[in-house]
Number of protein chains: 2
Amino acid sequence: MLKLAELYAPVADDIQCSADIFRDELISDQGFISDLCQHIGQFHGKMLRPAILLLSARACGELRPEHHTLAAVVEIVHIATLVHDDVLDDADIRRRAATVNRLWGNERAVLLGDFLISHAYHLCSSLDSQYASRLIGKTTNTVCEGELMQVANRENFELSEPEYFDIITRKTASLIGTCCRLGAYYAGADPRTVRRMEEFGVSLGIAFQITDDVLDLTGDEAEAGKSLGRDVEKGKLTLPLIYYLGRCTPAERERLLTILRADDPQRHRRVARTILSADCLEYARDAAYAHIKKAVQALDELPLSDARSSLAAMAEFVVTRRQ
Amino acid sequence: MLKLAELYAPVADDIQCSADIFRDELISDQGFISDLCQHIGQFHGKMLRPAILLLSARACGELRPEHHTLAAVVEIVHIATLVHDDVLDDADIRRRAATVNRLWGNERAVLLGDFLISHAYHLCSSLDSQYASRLIGKTTNTVCEGELMQVANRENFELSEPEYFDIITRKTASLIGTCCRLGAYYAGADPRTVRRMEEFGVSLGIAFQITDDVLDLTGDEAEAGKSLGRDVEKGKLTLPLIYYLGRCTPAERERLLTILRADDPQRHRRVARTILSADCLEYARDAAYAHIKKAVQALDELPLSDARSSLAAMAEFVVTRRQ
């Protein structure tokens, strides 16, 4: 298992600097709001997006103060989506801590998500150029579309593979692609490199989400540190299921749909058992690996550096992780 | 009763132009998202914020294309807050149309609110300068704080008048103040005028919210075109109640708190009846008028114009309206 701390070594101080900006941005004169923000500080977890942004900067040119600010911005955006996701998914646990909705109810969770996203844009607008504000605004438009598409396709057991990829590209991969683009752009990279870095991030993001979806189906809740099985519970088709439904017999299809529609707390375990014997997880993992291969190829033209090696290793981490 | 169309006459074409920008910004390649956005087009209602921004521009100097964009931005921000408010308030009707949460559930309403706010920032970042992005970001930070404070004070029957004013200043008046500031600033007004215009907007916004709270208690649902009585239902103290609780006898206090805590669909009517005889509504209306007077004074130094007259008349409209 790869250790993230080792991969993050080229930007360890920069990640800390971004975490400080994150914390300072969210201080409020209202004590209870600062308390809420301190609680969600626990959701930082892997700090994947800030690390990828900062490593992209380091791998492409000079890491500047703007990068620290932007790394905090993308982490705030990400955590805002987690807080609202937990409301939509009715989740109890996040990074081994209680979710905001569980502790303080859906209303505060919705408003806290709004507060966070507002601060992300506010922090972003503190930079001299509008480039980041425009890109972050465009990206969050896309993320919201992906999330809306996902909700609109609940209980849609006809969801196709291209539709699935469209949804995860928008809701997950677009923000990671933007991290890489921002890292490269503000490091002074040429337009081709900026574009290739975004491709790296998008491919890595797709692989990340496929892996997340597989973990939701087959992972261990204690190991993952968050509520699992939510996709099945919420009628959300993911790649292993789409693959299964596309190749099984009509009788098998009926059997699986019956399980999916049943009101049974063990439903996702039963789904996992059903598809385990049908190479579905292998298929999903292969798809994730294919995207990781594409991601790593996008790094081909970068000069060799510790940061580039870390990015390549992170691509591998994304598909081998268990949380 | 003042007619809004007459007050808006100096900027009628400009309001239409902003409405077009609003509509174009929210077009998505996903048909169902465009449908959702078309539905919320019905929530436009009074278009108070765009009108105030545009009239402020016209009253202070030259109305420029940036103003049309910004008028669309503030309306999108406002409608995003309405969509999330309706989730928090569990409201059924908004501007005589069904709320998003009622039609499509809380999940889509939360995500649609996120989609709208994202587009507001995205549209704002299309301007050349960062000034508006910074101000809008700062303002939405404040609005979210106000909303969080409001939720945190549910069932707090000790809420003081200064606390109430702090909450409504943040959640409502700050955005209207920002409309006036943006209008003046982008029209080339000097710093003193920009500041005075913001004061106009903040005072008008406070009066607006006091009036809204009075209407929620005593208004007619058919006339208002939205769900009423929500404040009492959600344990939200507003000015008439705060005034009553601050001056009544201990026995009267106990009686009112018993009504407020009861699970009774006619609760807010009973509250309204209780305080009707105690000058509480007059007190709240007087407070609203005091702020309107302050608002109109802030216009003193502006050159005479149709736009200035409209702003002064809108201040009056805000406290005399019945919806």
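What follows is a short chat about helices and selected residues in this structure.

Q: Before we start, what kind of model is this?
A: It is a predicted model.

Q: OK. At what angle do α8(A) and α9(A) pack?
A: Helix α8 (residues 161-186) of chain A and helix α9 (residues 191-218) of chain A pack at about 140°, and their axes are 7 Å apart. Angles over 145 degrees would count as roughly antiparallel, and α8(A) and α9(A) are therefore oblique to each other.

Q: Is that crossing left-handed or right-handed?
A: α8(A) passes α9(A) in a right-handed crossing.

Q: And what residues make up the contact of α8(A) with α9(A), by nonpolar, polar and charged?
A: That contact has 15 nonpolar, 8 polar and 2 charged residues.

Q: What about α5(A) and α7(A), how do they cross?
A: Helix α5 (residues 65-89) and helix α7 (residues 131-152), both of chain A, cross at roughly 20°, and their axes come within 12 Å. α5(A) and α7(A) are therefore roughly parallel to each other. Their crossing is right-handed.

Q: Staying on α7(A), what span should its residues have?
A: At 1.5 Å a residue, the 22 residues of α7(A) should span 32 Å. The end C-alpha atoms of α7(A) are 32 Å apart, which agrees.

Q: How many of the residues of α7(A) are buried?
A: 16 of the 22 are buried, so α7(A) is mostly covered.

Q: One more pair: what is the angle between α12(A) and α15(A)?
A: Helix α12 (residues 239-247) of chain A crosses helix α15 (residues 280-297) of chain A at roughly 125°, with the axes coming within 8 Å. That makes α12(A) oblique to α15(A). The crossing of α12(A) past α15(A) is right-handed.

Q: Switching to chain B. What is the reach of α15(B), first C-alpha to last?
A: Helix α15 (residues 280-297) of chain B has 18 residues and reaches 26 Å, close to the 26 Å expected at 1.5 Å a residue.

Q: Which residues of α15(B) are buried?
A: Cys280(B), Ala284(B), Ala287(B), Ala288(B), His291(B), Ile292(B) and Ala295(B). Seen down the axis of α15(B), these buried residues fall within an arc of 140°, so they line one face of the helix.

Q: Why would residues with such spacing point the same way?
A: An α-helix has 3.6 residues a turn, so residues three or four places apart point the same way.

Q: Which residues are exposed on the other side of α15(B)?
A: Glu282(B), Asp286(B) and Lys293(B) are exposed there.

Q: Now Phe208(B). Buried or exposed?
A: Phe208(B) has 26 other C-beta atoms within 10 Å, so this residue is buried. Its place is in helix α9 (residues 191-218) of chain B. Phe208(B) and Ala173(B) are 35 residues apart in sequence, with their C-alpha atoms 8.1 Å apart in space.

Q: Last topic, backbone. What is the phi of Met47(A)?
A: Met47(A) has a positive phi of about 50°, although it is not a glycine. Most residues other than glycine have a negative phi. Met47(A) is in the loop between α3 (31-40) and α4 (48-60) of chain A, and with 19 C-beta neighbours inside 10 Å it counts as partly exposed.

Q: And where is Glu155(B)?
A: Glu155(B) is in the loop between α7 (131-152) and α8 (161-186) of chain B. Glu155(B) is not a glycine, yet has a positive phi of about 65°. With 11 other C-beta atoms within 10 Å, Glu155(B) is exposed.

Conventions. Residues numbered from 1 in each chain as written. Chains lettered and ligands numbered in written order. Predicted model: local features only at pLDDT ≥ 70, side-chain atom pairs only at ≥ 80, totals over all residues. Axes fitted to C-alpha atoms, helices over the stretch in contact; angles between N-to-C directions. Helix = DSSP H or I, 4+ residues; strand = E, 2+ residues; numbered from the N terminus. Parallel < 35°, antiparallel > 145°, perpendicular 65-115°, else oblique. Left-handed = near helix turned anticlockwise from the far one by under 90°. Nonpolar A, V, L, I, M, F, W, Y, C, P; charged D, E, K, R; others polar. Expected span 1.5 Å × (residues − 1). Buried ≥ 20, exposed ≤ 12 C-beta atoms within 10 Å, placed from the backbone. Arc of directions from axis to C-beta.
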